[in-house]
Amino acid sequence: MADVTRRLFLRHLRGTPTNWVRLHVDGRVRREGTGQSFWYRPLTAVLSEVPVDDRELPLLFHARTGDFADITVQATVTYRVADPTLAAARLDFSIDPRTGKTRSRPLDQVATLLAELAQQPALDLLARVPLAEALTTIAPIREAVSAALDTEPRLADIGVAVVSARVVAVRPEPELERALQTPTREAVQVQADRATYARRAQAVEQERGIAENELQNKIELARREQQLVEQHGANTRRRAELDAAAELATAHGKAEREQVANAAAAERAQVLATAEAEKERLLAAGAADKERLLALAKAETVRAVGAAEAEAEAAKLATYATLPPGVLQALTVRELAGQLPPIGQLTVTPDLLADLLGRLTGPTGTVDR
């Protein structure tokens, strides 16, 4: 359907490539063709729109064969408007200039005409053939329908051309169809039963072969099991011999290792005892030498100290020999004072001091008072 757009008091139509459009103004054709786009005034314009694309028309109708059996025919007719100018003149393809909607349904008229024209030759042909032939030969029905539609003058008068006609299926009534299918179904069932029996026989034969194979397998397994037991016994004996030999070799090796270890331990103990004895001897000798050297050093030290003290005492005595008696007394007092315990408080009287000074100055000295 074309698109109609409103602009004030004008309308604009935009068509499609598959729609043929014609514009009449005052009884004269102003525009026509596919893919049109133009402005017009809706008050004075008359528009026609004819679809020119291919259209499918499915058909389903009943017929009766020559042996009075009812069947259903399913067909499809493909047609198109080959002459849109003629079609627009013979059928009402006008559209509303204000909205662009169709005012009638001309394609329904074309479909009705095609259905009637396609059914007539099919009915005539099926009425002359039996049911079996009608169900198995569809090509004559298709050819009769195509020939009738191609030579029909009424289609040419309205500008319609038939592209193709196809018969999709021809089927009898359901009960009759089941009855017709019975022989085939029984034959198929017979073949299925025959196949079942053959399969069972083959299964029995295969089971027998399987049983024989199982028996042979059991015999072979028993023989191999016997061989396995014998081989296992031989392996066990061989393993026992090898274990005994290994244990004997291990015992010899252990004894030799113990002997070598004992000899090494004895030699190590002897070497350690010798080393320990030598160490003790050396330590004892060293200790003795150390004691002797210490004693000699101590004696030498005592001798040197004694000699030094003797020399110091001799020098001291020699010094004391040259001193006057008063000085010796003072030194004696100082030495004695060093040997006395600490004195917290000392009281010196004039008499004690005079007596001490008299002794220091001698019997001839005098002290002024």
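Leucine 8 counts as exposed because its relative accessibility is 72%; the terms used here are buried for under 20% relative accessible area, exposed for over 50% and partly exposed in between, with a 1.4 Å probe and protein chains only. The structure is a predicted model, in which local features need pLDDT of at least 70 and side-chain atom pairs count only at pLDDT 80 or more, whereas totals for chains, interfaces and linings use all residues. Residues are numbered from 1 along each chain as its sequence is written, and side-chain values use heavy atoms, with hydrogens and water left out.

Leucine 8 lies in the loop that links β1 (3-7) to β2 (10-14). Although leucine 8 is not a glycine, its phi is positive, at about 55°. Aspartate 26 likewise has a positive phi of about 55° without being a glycine. The loop holding aspartate 26 runs between β3 (19-25) and β4 (28-34). With a relative accessible area of 64%, aspartate 26 is exposed.

Aspartate 54 occupies the loop between β6 (45-51) and β7 (55-64). Its relative accessibility of 47% makes it partly exposed. Apart from neighbours within four places in sequence, aspartate 54 is in contact (heavy atoms within 4.5 Å) with Thr78, Tyr79, Arg80 and Val163. Serine 37 is 17 residues from aspartate 54 along the chain, and their C-alpha atoms are 23 Å apart.

Glutamate 300 belongs to helix α6, which spans residues 174-321. Between the C-alpha atoms of glutamate 300 and alanine 132 there are 159 Å, with 168 residues of separation along the chain.

The table lists the accessibility of these residues.

| Residue | Relative accessible area | Class |
|---|---|---|
| Leucine 8 | 72% | exposed |
| Aspartate 26 | 64% | exposed |
| Aspartate 54 | 47% | partly exposed |
| Glutamate 300 | 42% | partly exposed |

The chain as a whole contains 8 helices and 10 strands, where helices (H or I, at least four residues) and strands (E, at least two) are DSSP runs numbered from the N terminus. Its radius of gyration is 76 Å, while a compact globule of 369 residues would have a value near 21 Å; the radius is taken over C-alpha atoms, and the globule rule is 2.2 Å times the number of residues to the power 0.38. Along the principal axes, the C-alpha atoms fill a box of roughly 200 × 100 × 35 Å. Of the 369 residues, 21% count as buried.

An automatic or database domain assignment divides the chain into domain 1 (3-172) and domain 2 (174-288). The contact between them takes 5 residues from domain 1 and 4 residues from domain 2. Over C-alpha atoms, the centres of domain 1 and domain 2 are separated by 88 Å.

Contacts between residues at least 6 apart in sequence join residues at least 24 apart in 63% of cases. The accessible surface, from the Shrake-Rupley method with a 1.4 Å probe, comes to about 26,600 Å², and 57% of it belongs to carbon and sulfur atoms. There are 47 positive and 51 negative side chains, and the centres of the two sets lie 9 Å apart. Lys and Arg count as positive and Asp and Glu as negative, while His and the chain ends are not counted; each charge is placed at NZ of Lys, CZ of Arg, CG of Asp or CD of Glu.
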